[in-house]
Amino acid sequence: MTAHAANDIVARAVEVLKENDQGTYTIPTKGLYPFQWNWDSCLTALGLAHYDEARAWTEIETLFAHQWPDGMVPHIVFHVWNDSYFPGPEVWRTGRPTATSGITQPAVAGFAVRRLFDRAKDRKLAAERARALLPKIDAWHRWFYENRDPKGEGLVAIIHPWESGRDNSIDWDDAFERVPTEGVEPYTRRDTLHADPAHRPTKAQYDRYLWLVQHFRGLGWDNAKLHDASPFQIVDPGFNAILIRAATDLADLAEALGETAIAKANRARAQKGLAAMERLWSDAHGQYLCLDRVAGTLVDSASVGGILPAFAAIPKDRAAAVAANLERLSGTARYVVPSHDPGDRRFDAKRYWRGPVWLVVNYMIADGLAAAGHGQVAQRITQSSLDLIRESGFAEYYDPLTGEPLGGGRFTWTAAMVIEFLRDAQVGGA
Ligand code: DGY
């Protein structure tokens with residue numbers, strides 16, 4: 001790609017970020033997602049920093065201003081009234097001063113804050129803002145291990161598919177059989193007004209998403225009770241790897257800022273988590289698998305959740321096997337990384353997390369593989385991501401076989417990731 005073409009893409013990405021910017025937080029996209037989402041915001045901050053470092057810090061601070069007293073950081077903050085989204089605050093009823101959801105999302109904040117800090121041109125500003133966020137992110141990490149790893153195994157469970165961010169992954173299909181639908185209050189979905197229903201989760205899945213929300217609400221959103229009371233407890237390798245990477249990054253950042261207790265606690269979490277991840281490894285698939293904590297078995301489902309651990313400092317032989325698996329996947333899909341193995345009969349190229357490519361996941365996998373010395377595979381992921389942008393614009397996700405843009409349009413985190421990819425890529429040549 002020429003420097004001119006790259007500059008043009010960055011300019012268009014900045015336009016997307018600006019049009020979704022609400023002043024102190026950024027919405028993922030208009031219509032479909034009109035509030036602040038947790039991991040969207042943290043990754044978006046990296047794109048914002050490209051043109052406004054102070055604004056990037058504000059993005060993450062706004063999210064943490066709505067952290068719960070127990071340390072949890074909710075997955076949605078409903079800053080304003082807007083009925084284009086369901087389920088809104090009247091369904092969650094979490095009783096927070098500013099309405100929020102009652103579940104969490106992948107813990108990318110520690111990673112994002114470290115990256116903002118490392119790259120900051122304004123060192124004084126970065127030190128001040130990072131120092132203030134450190135104890136908050138540390139409290140969130142502590143919350144995870146206290147509430148989602150009650151037996152101290154070193155790995156945390158999600159209790160709702162929305163927590164993973166990979167809402168309708170094939171990984172959850174078997175566990176979802178245990179989630180009943182009796183008593184789900186009548187509801188009208190709004191997502192299917194903004195995106196093609198064939199690209200979104202099904203009604204059967206929505207019924208179960210809502211049953212879980214109602215069940216947790218009935219328990220007063222008391223996190224001391226929710227894990228054990230949930231029929232859905234999944235140890236997702238990707239989710240854990242993000243937390244482990246964030247703990248390592250937070251530890252490094254804390255050391256740089258002289259906060260040794262925070263550094264020590266997060267280093268220990270990361271070490272224990274990395275050792276425990278070995279239980280999730282599958283030689284047969286050449287990647288990690290989810291563990292269904294209720295059934296006590298690994299889930300036979302080769303999703304991108306088991307490739308995402310490349311983002312953390314997994315052992316060298318595991319990273320090499322994941323890289324080899326990705327080479328194989330590049331032979332089955334025109335664009336990598338598909339969110340599910342196209343060789344699996346359950347793969348669906350267009351339906352949300354059952355096949356499509358997502359640029360945020362590409363970014364994390366490429367980052368980890370490059371650090372582990374698999375630069376060529378990382379480069380292939382970057383190239384696929386840039387090809388998708390050039391050919392199909394800033395979509396929410398893409399068909400890995402055709403590159404067709406899917407889901408919401410003009411998507412904030414896609415734009416932020418493109419800026420990141422171009423920042424890292426060697427721009428030059430024809
Ligand atoms: C949705 O509503 O689609 C979200 O993914 C839940 O966070």
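Start with the second largest cavity of this predicted model, which has a volume of about 30 Å³. Now highlight residues 316-330, which form helix 14. This helix gives the largest share of the lining of the second largest cavity, three residues.

How many cavities of 30 Å³ or more does a search of the whole structure find? The search finds two, so let's go to the other one.

The largest cavity has a volume of about 210 Å³. Select Tyr-33, Trp-37, Gln-105, Asp-167 and Tyr-352: of the 19 residues that line this cavity, these are the closest to its centre. By class, the lining of the largest cavity is made up of twelve nonpolar, three polar and four charged residues.

Next stop: a pair of helices. Show residues 38-48 as helix 2 and residues 53-64 as helix 3. Their axes lie 8 Å apart, and the two pack at an angle of about 170°. Angles over 145 degrees count as roughly antiparallel, and that is why helix 2 is described this way relative to helix 3.

Which residues make the contact between helix 2 and helix 3? On helix 2, pick Asn-38, Ser-41, Cys-42, Ala-45 and Leu-48; on helix 3, pick Arg-55, Ala-56, Glu-59, Ile-60 and Leu-63. By class, this contact between helix 2 and helix 3 has six nonpolar, two polar and two charged residues.

Conventions:
Residues are numbered from 1 along each chain as its sequence is written. This is a predicted model: local features need pLDDT of at least 70, side-chain atom pairs count only at pLDDT 80 or more; totals for chains, interfaces and linings use all residues. Side-chain values use heavy atoms; hydrogens and water are left out. On a 1 Å grid over the protein atoms alone, a cavity is a set of points where a 1.4 Å probe fits but cannot get out, and a pocket is an open set with protein on both sides within 12 Å along at least five of seven lines; lining residues have an atom within 4 Å of a point. Grid points are joined across faces, edges and corners, and a volume is the space filled by probe spheres set on the points. Ala, Val, Leu, Ile, Met, Phe, Trp, Tyr, Cys and Pro count as nonpolar, Asp, Glu, Lys and Arg as charged, and the others, Gly among them, as polar. Helices (H or I, at least four residues) and strands (E, at least two) are DSSP runs, numbered from the N terminus. Axes are lines fitted to C-alpha atoms, for helices over the stretch in contact, and angles run from 0 to 180 degrees between N-to-C directions. Angles under 35 degrees count as roughly parallel, over 145 as roughly antiparallel, 65 to 115 as roughly perpendicular and the rest as oblique. Contact means heavy atoms within 4.5 Å.
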